[in-house]
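Good morning, colleagues. Please take a moment with the sequence and the structure on the screen, and then I shall go through the strand pairing and the charged pairs.

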Amino acid sequence: MLFRSVQGKHMAATNQVITDAATINWNMDLGSVMQVTLGGNRTMAAPTNFIAGGTYMMIIKQDATGNRTMTWNAVYKFAGGSKTLSTAANAVDIATFVSDGVNLYGQLLKAVA
């Protein structure tokens, strides 16, 4: 995990802003926190370079139009199977994951305001 800064008792992981595309690719070597604003219905590809014991976070934003959907690669496993994003214009969802080196197990916090 890349750390951007350490101050006192706080650590900040490197934040990676990913360019929106039909298929979103996340190289976790470039940051364990990623942010993307969706401009259409998207597919989240299997990430590269995740490790067992790693923790990762996504900040997923809807654009001003909203109603964007995400199709997830099978490595993403969600608590209760819930992986449908909020669809309101400008909505923000946060997904957090822990990895066993093969899959990413997480939960989706929806409509953060």
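In what order do the strands of the open sheet lie, and is their pairing parallel or antiparallel? Please bear in mind that this is a predicted model. The open sheet has 3 strands, arranged β4-β6-β8, and the pairing is parallel. At the edges stand β4 and β8, the latter spanning 70-72; each has a single partner strand, so one side of each is left without a neighbour in the sheet. Between β6 and β8 the parallel pairing runs over 3 bridges. Within that pairing, threonine 43 has threonine 71 of β8 as its bridge partner.

I now turn to the charged side chains. The structure contains 2 salt bridges. In one of them, aspartate 20 pairs with arginine 42, with 2.6 Å between the closest N and O atoms.

Are the two partners buried or exposed? Aspartate 20 has a relative accessible area of 25% and is therefore partly exposed. Arginine 42, by contrast, has a relative accessibility of 15% and counts as buried, because the limit for that class is under 20%.

There is also a salt bridge between arginine 68 and aspartate 63, whose closest N and O atoms are 2.7 Å apart. Here both residues, arginine 68 and aspartate 63, are buried.

Thank you for your attention.

Note on methods:
Residues numbered from 1 in each chain as written. Predicted model: local features only at pLDDT ≥ 70, side-chain atom pairs only at ≥ 80, totals over all residues. Heavy atoms only, no water. Salt bridge = Lys/Arg side-chain N within 4 Å of Asp/Glu carboxyl O. Buried < 20%, exposed > 50% of the residue type's maximum accessible area, 1.4 Å probe, protein only. Pairing = 2+ DSSP bridges. Helix = DSSP H or I, 4+ residues; strand = E, 2+ residues; numbered from the N terminus.
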